[in-house]
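Here is my note on the model, point by point. Keep the structure open beside it as you read.

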Amino acid sequence: KLTVTYTLNSDSQKLQPNAAAAWEVEVFPNPAAENVVFDFNDINDGDQLQLSIFTITGQLIRKELISGADTYNMNISQLNPGMYFFDAENQTTNTRYSGKFLKQ
């Protein structure tokens, strides 16, 4: 399992690793057919999360704003089978977590 966490450095506008703000997103089931659950670990109450889903070619297909939730259940039944990437940005702490899941 590889965990990569980034934070936005406002001076240089580059993403830099930030070990102090480490949080994770677990995705299950993986692969999934109908629904996928995003489990946000170590998120503070009231944090605003933006969850973006991308195709393997980088096309943004869905963007959700999630407020104060530890888990988010997403219906993926309409997606074509294949690999999808996600980017979860904690807009409160300016940190992000990226990963992938498979649609059966």
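1. Start with the open sheet. Three strands form it, in the order S3-S4-S7, and the pairing is antiparallel. Strands here are DSSP runs (E, at least two residues), numbered from the N terminus, while helices are H or I runs of at least four residues. Two strands pair if DSSP finds at least two bridges between them. The edge strands are S3 and S7 (71–75), and each pairs on one side only. Neighbouring strands of this sheet are turned by 20 degrees against each other on average, direction ignored. Such angles lie between N-to-C directions and run from 0 to 180 degrees, with axes fitted to C-alpha atoms (for helices, over the stretch in contact).

2. A word on the source. This is a predicted model, in which local features need pLDDT of at least 70 and side-chain atom pairs count only at pLDDT 80 or more, while totals for chains, interfaces and linings use all residues. Residues are numbered from 1 along each chain as its sequence is written, and side-chain values use heavy atoms, with hydrogens and water left out.

3. Look at the strand pairs next. S4 and S7 run antiparallel and are joined by five bridges. Val-37 has Asn-73 in S7 as its bridge partner. Strand S5 pairs with S6 (residues 60–67) through seven bridges, again antiparallel. There, Gln-50 has Leu-65 of S6 as its bridge partner. S5 also pairs with S8, antiparallel, over six bridges. Ser-52 stands opposite Asp-87 in S8.

4. Where does the hairpin of S5 and S6 take a positive phi? The residue is Gly-58, with phi near 95 degrees, and the hairpin has five residues between the strands. Five of the seven residues of S5 are buried, so this strand is largely enclosed by the rest of the structure. Buried means under 20% relative accessible area, exposed means over 50%, and partly exposed is in between (1.4 Å probe, protein chains only).

5. Now the core. A nonpolar core is a set of buried Ala, Val, Leu, Ile, Met, Phe, Trp, Tyr and Cys residues joined through side-chain atoms within 4.5 Å. The largest one has 20 residues, and Val-25, Phe-38, Phe-40 and Phe-86 have the most contacts inside it. Strands S3 (24–28), S4 (35–41), S5 (48–54), S8 (82–90) and S9 (95–103) each supply at least two of its residues. In soluble globular proteins, nonpolar side chains tend to be buried together.

6. Follow Phe-86. Contact means heavy atoms within 4.5 Å. Leaving out residues up to four places away in sequence, Phe-86 touches, among others, Val-25, Phe-38, Leu-51, Tyr-97 and Phe-101.

7. Which residues form the aromatic cluster? They are Trp-23, Phe-38, Tyr-84, Phe-86, Tyr-97 and Phe-101. The whole structure has five aromatic pairs. Rings of Phe, Tyr and Trp (its six-membered ring) pair if their centres lie within 6.5 Å; planes under 30 degrees apart count as stacked, over 60 as edge-to-face and the rest as tilted.

8. Take two of the ring pairs. Trp-23 and Tyr-97 are tilted, at 6.4 Å centre to centre and 45 degrees between the planes. Trp-23 lies in the loop between S2 (14–17) and S3, and Tyr-97 in S9, so the pair ties together parts 74 residues apart in sequence. Trp-23 is buried at 2% relative accessibility, and Tyr-97 is buried at 5%. The rings of Phe-38 and Phe-101 have centres 6.1 Å apart and planes at 85 degrees, so this pair is edge-to-face. Phe-38 lies in S4 and Phe-101 in S9, so the pair ties together parts 63 residues apart in sequence. Phe-38 is buried at 0%, and Phe-101 at 1%.

9. Turn to charge. The structure holds three salt bridges. Each needs a side-chain nitrogen of Lys or Arg within 4 Å of a carboxyl oxygen of Asp or Glu. Arg-96 meets Asp-87 at 3.0 Å, N to O, and Glu-89 at 3.4 Å. These shared partners join Asp-87, Glu-89 and Arg-96 into one network. Asp-87 is buried at 12% relative accessibility, and Glu-89 is buried at 18%. Arg-62 and Glu-64 form a salt bridge at 3.9 Å. Arg-62 is partly exposed at 21%, and so is Glu-64 at 23%.
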